[in-house]
Amino acid sequence: MFPSSYPSIITDVMHLNIYFDHIDSFVYSLDLCITDRCNQHCPHCYVNPRSAMEDLPTQTILDLLSECSEQGATNFHVFGGEPFLRDDLQEIFSYAFDLNFTLSVATNGIQVTQNDFEWLQRFNPFLGITLHGPPAFHDNFTRMEGAYEKSLETLKAALKLDLNVGVITCITRVNFARYYSWMQQLVDLGVQTFFILYFSPLGRGLERKDFQISNEEWESLAQSLREYHLTTANRVSFYFEPSVISRTNLLYARPSTPCALYTKSNCVVDANGDIYPCILFLRNPVYSLGNYTLNSLYEIWDRFTQQIWKDSFPAIEGSGCGTCEFLRLCKRGCPAYLKAGQDFRCNAKYVPICPLYTELL
């Protein structure tokens, strides 16, 4: 999903066998869906932008940044829709820069102008450019002719300016086999940072169950990228969303950071001001905590309790989780991924973990 610059502090939940039942931590990151407008129509998009929401005014976003900063937030990530369809990004990023946020923005790159490059150089956010595969595939996937070449032009310009830039790709059934060889072509262009995202069947993805790859395939891709990293002479960083851990590796694997529903560390704000505790719950009314245009962040965050997510789980009886030896480790998986009362990623060979905290391969 590429939300905020993910926490680098990893807690060995599985090794310590701890429940995080009563944690009330500060806000670590702000993820802002800055617009509901997009110039592409990708079939897997978990946001599902429809130009149905009016953008938050600039001053409202600046106020939100101030409140998050006062609550301890240090990371600010902007996504959409397509963020560069707004004309106030420079002002917003300038304000966040002055508040000492670590900055990042996810974009398809098509709307980035020369003026944008100037402030991107000044404020140095991570510029994540979304590409889905080779040119013809990418254009068909985004339903936009010529999209790949336009995005590639922005990527090349960013590399020439030595910006903090990388390529974001969500892996699905339709680009899985294409990714490895195509990635090598981008490395030859000078790309050194790649984010490899796990497909979440949310938003438009709810209708594309055929996009889901197996746990085994996901693990094999991670292994291929690890081997590439170890054997290539190129300096390449792969940030990979692990999503599952093999049950045979549980004693050796380093598990992900605890879920934001436990830690209250991640503030996700939609284009209309609705607030959620995790990007996977975006536009899910069950997990909406309130709206920033109606209440302050202080008020909304103060009434955020873990009972919200506990109530979303069906009864454990009959779910298959009640007798599982790993129940205290996965805590029944992710509520966003429940199917028939159980995280769909769970099976006899794998235990699900949060897919959002990236692992540097």
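1. Strands here are DSSP E runs of at least two residues and helices are H or I runs of at least four, numbered from the N terminus; two strands pair if DSSP finds at least two bridges between them.

2. A word on provenance: this is a predicted model, where local features need pLDDT of at least 70, side-chain atom pairs count only at pLDDT 80 or more, and totals for chains, interfaces and linings use all residues. Residues are numbered from 1 along each chain as its sequence is written, and side-chain values use heavy atoms, with hydrogens and water left out.

3. Strand β10 (residues 274-276) pairs with β11 in the antiparallel sense over 2 bridges, and Asp-274 sits opposite Asn-291 of β11. Contact means heavy atoms within 4.5 Å; axes are lines fitted to C-alpha atoms, for helices over the stretch in contact, with angles from 0 to 180 degrees between N-to-C directions.

4. Have a look at Thr-169 in strand β5 (residues 165-171). Thr-169 is buried, at a relative accessible area of 1%. Buried means under 20%, exposed over 50%, and partly exposed in between (1.4 Å probe, protein chains only). Leaving out residues up to four places away in sequence, Thr-169 touches Leu-131, His-132, Asn-175, Tyr-179, Trp-182, Phe-195, Ile-196 and Leu-197.

5. Next, helix α8 (residues 215-231). Its buried residues are Asn-215, Trp-218, Leu-221, Ala-222, Leu-225 and Tyr-228. Down the axis of α8 they fall within an arc of 155° (taken from the directions from the axis to the C-beta atoms), so they line one face of the helix. On the other side of α8, Leu-230 and Thr-231 are exposed. The cover over the buried residues of α8 includes β5, α7 (176-189) and β6 (193-198).

6. Last, helix α4 (residues 114-123), which buries Asp-116, Phe-117, Trp-119, Leu-120 and Phe-123. What covers those residues includes α3 (89-98), β3 (102-107), β4 (126-130) and α6 (147-160).
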